[in-house]
Amino acid sequence: MGIAMVGTDLLSEKAAIMRESLQKSQTITDNVVTILGSFDHRLSTLEAAMRPTQIRTHSIRQAHENIDKTLKAAEIILSHFDQYRQAENKILKGPHEDLENYLEAIAKLRSNIQFFGTKNSFRNSDGVVSHASSLLTKAISKLQDEFNQLLSSYSKPVEPERLFDCLPNSMRPSSGSPGHEGEHNGKSNHHADSHNNNADAVVYTPPVLIPPRILPLLHDLAQQMIEAGHRSQLLKIYREARSNVLEESLQKLGVEKLNKDDVQKLQWEILEAKIGNWIHFMRIAVKLLFAGERKVCDQIFEGFDSLAEQCFAEVTTNSVSMLLSFGDAIAKSKRSPEKLFVLLDMYEIMQELHSEIDTLFKGKACSEIRDAATALTKRLAQTAQETFGDFEEAVEKDATKTAVTDGTVHPLTSYVINYVKFLFDYRSTLKQLFQEFEGGNDSSQLATVTMRIMQALQINLDGKSKQYKDPALTHLFLMNNIHYIVRSVRRSEAKDLLGDDWVQRHRRIVQQHANQYKRNAWAKVFSNDFTRITVVIRHRRIVFVPLLNFDSFVWQILQCMSIQGLASSGGGSNTAGGDGGTGGSSGASRALVKDRFKTFNIMFEELHQKQSQWTVPDSELRESLRLAVAEVLLPAYRSFVKRFGPLVESGKTPQKYIKYTAEDLDRMLGEFFEGKNMSETKR
């Protein structure tokens, strides 16, 4: 019990202590609160006292920031003014001395105008922006003058020699003047050259029309003018400078602007030379001049394709027109056979240049030039096709009065054959024409046309042969001409198209005319007089009738000159003229022999005089004809002289009758068909 009382007292004592402690804490807390309250009041008072200072400090800070911004803005504006002054100084000096810095000054000036244009205070002011814009206008004007001056000073006509140096070696003229181009590029030469050039894949190197170091400057000038909106002025300057230069270059080369009437007045030789020149000029113009101009145009107007195409079109229009007008005049002029090959040459060069023309003259701006070139190509093809069709009719109806008195190859024959030979040089070209206008296989069509031309020629030759009064000369003329045709065909590509059957058939025709010539020319000698000797053999009369076949001459001549006949008619020892030729069979035989010798001499001399003026131009054919006559005539004559000569030699003046030896006749036969004139024959 006592222990419990002690415990309670301890707890009460501790509780009292705790209560006292709590009271002290509360007192302290209250004191702290009082003190803090006092601080809060003081702080509020201090804050109220500091607020004006804070406001002033913020204003000062903001003012400093505004001052900094203003200073920076002013610095930028001042720098632009400084740039403007620098640009102005450079612009006033002009672009000629330092074009690069001048262009840089324009760029800065344009930047300044844009800068001040965004500032309301400056944009609304008439001073700064308007003055800068005025200065820029002057700067562009000076640029325009500089572009004009620079382009004009480096735009010079290209001398022909420079252009020739750009050609492949095989196409350069032997002389340096354009006036000789016709000789270099004649009808056959041009065509052969063009095929060789295609085979060799020649390369053309366009001349440098403007130095490469100048082109970037011209490009920069053009770009500034375009950005300033001066496209039309730029186009005008470029056109006037470059167009005239191109035209002058072509004129120096020898290009003429001829119309249809001008062409009709020219002689064919002159016109043919001009056409050869034109073909060469077209190649030079497209592959060298226009290609070089396209390169210049593309570099100056790089990045402005439509303007480049427009400039190129306007620069080349007059030059292209000058070239195409001549081709158009030829295509529209009166057709004639000799024009076919030059038309084909012109058509070929237009076909050759077709892809390059399309490449160079690309775009809408050049469409009229492309169309004009295409139209000329079609017109040349059409005219060539029509001329080709006219030729067959012209051959058949040719009525030239050219006299071929010696029976040689007629000029028409050689002309037609050469014409046909040239046709085969243009097989690929004719293939295009046949496909375009007729369709079908080109080889079969060319064979058909060639055969028709040959047939037309033979029809015409048959008509011309009827002009001869001597049938022998008629057949000699036909023999010569058909032989020339056959030989020419065998040596050309025409043989592959016409075929061996055609060749063999016409060779037989040549032989037929040769036989007809021999029959008509020598029938009187072999069948009328020289071979129609009547002899009596044991009281039987043998008469040798006129011959119908030249190949049977030998047999009949030998028969008529038989020794048995003379022996029978001579009566043994009196054969040589026992009664002095006063009567009897012996006298009759001598008189007959003399008459036949005399008649033979007259007829042979007449044939020699006439046929030595005739001509067989082919040496093999000429010799074969001589040999055919000699093989019959000479053996028969030798035999006749041997057998009947003694009857004449025993009489008076035997040389009056036996005027020639067989060797003399052989020599005189060697003069046949040589085409000698009358004075040569008499000598």
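**Charged side chains in a predicted model**

Colleague: Is arginine 596 buried or exposed?

Modeller: In this predicted model, arginine 596 has a relative accessible area of 15%. Buried means under 20%, so arginine 596 counts as buried. Its side chain meets that of aspartate 595 in a salt bridge, 2.3 Å from N to O. Aspartate 595, at 36% relative accessibility, is partly exposed, whereas arginine 596 is buried.

Colleague: Which helix holds both arginine 626 and glutamate 623?

Modeller: The side chains of arginine 626 and glutamate 623 form a salt bridge with an N to O distance of 2.6 Å. Arginine 626 is buried at 10% relative accessible area, while glutamate 623 is partly exposed at 42%. The two residues are 3 apart, about one turn of the helix, and both belong to helix 24 (residues 619-649).

Colleague: How many residues apart in sequence are the parts tied together by arginine 335 and aspartate 390?

Modeller: The closest N and O atoms of this salt bridge are 2.7 Å apart. Arginine 335 lies in the loop between helix 12 (305-332) and helix 13 (339-360), and aspartate 390 in helix 14 (residues 367-396), so the parts that the pair ties together are separated in sequence by 55 residues.

Colleague: In which helix is arginine 507 placed?

Modeller: Arginine 507 forms a positive surface patch with Lys421, Arg490 and Arg491. Arginine 507 is partly exposed, at 39% relative accessible area. Its place is in helix 20 (residues 500-529).

Conventions:
Residues are numbered from 1 along each chain as its sequence is written. This is a predicted model: local features need pLDDT of at least 70, side-chain atom pairs count only at pLDDT 80 or more; totals for chains, interfaces and linings use all residues. Side-chain values use heavy atoms; hydrogens and water are left out. Patches are made of residues with over 30% relative accessible area and no salt bridge: like charges are joined within 9 Å, nonpolar side chains (Val, Leu, Ile, Met, Phe, Trp, Tyr) within 5 Å. Accessible areas come from the Shrake-Rupley method with a 1.4 Å probe; for residues, only the protein chains shown count as cover. A salt bridge is a side-chain nitrogen of Lys or Arg within 4 Å of a carboxyl oxygen of Asp or Glu. Lys and Arg count as positive and Asp and Glu as negative; His and the chain ends are not counted. The place of a charge is taken as NZ of Lys, CZ of Arg, CG of Asp or CD of Glu. Helices (H or I, at least four residues) and strands (E, at least two) are DSSP runs, numbered from the N terminus. Buried means under 20% relative accessible area, exposed over 50%, partly exposed in between (1.4 Å probe, protein chains only).
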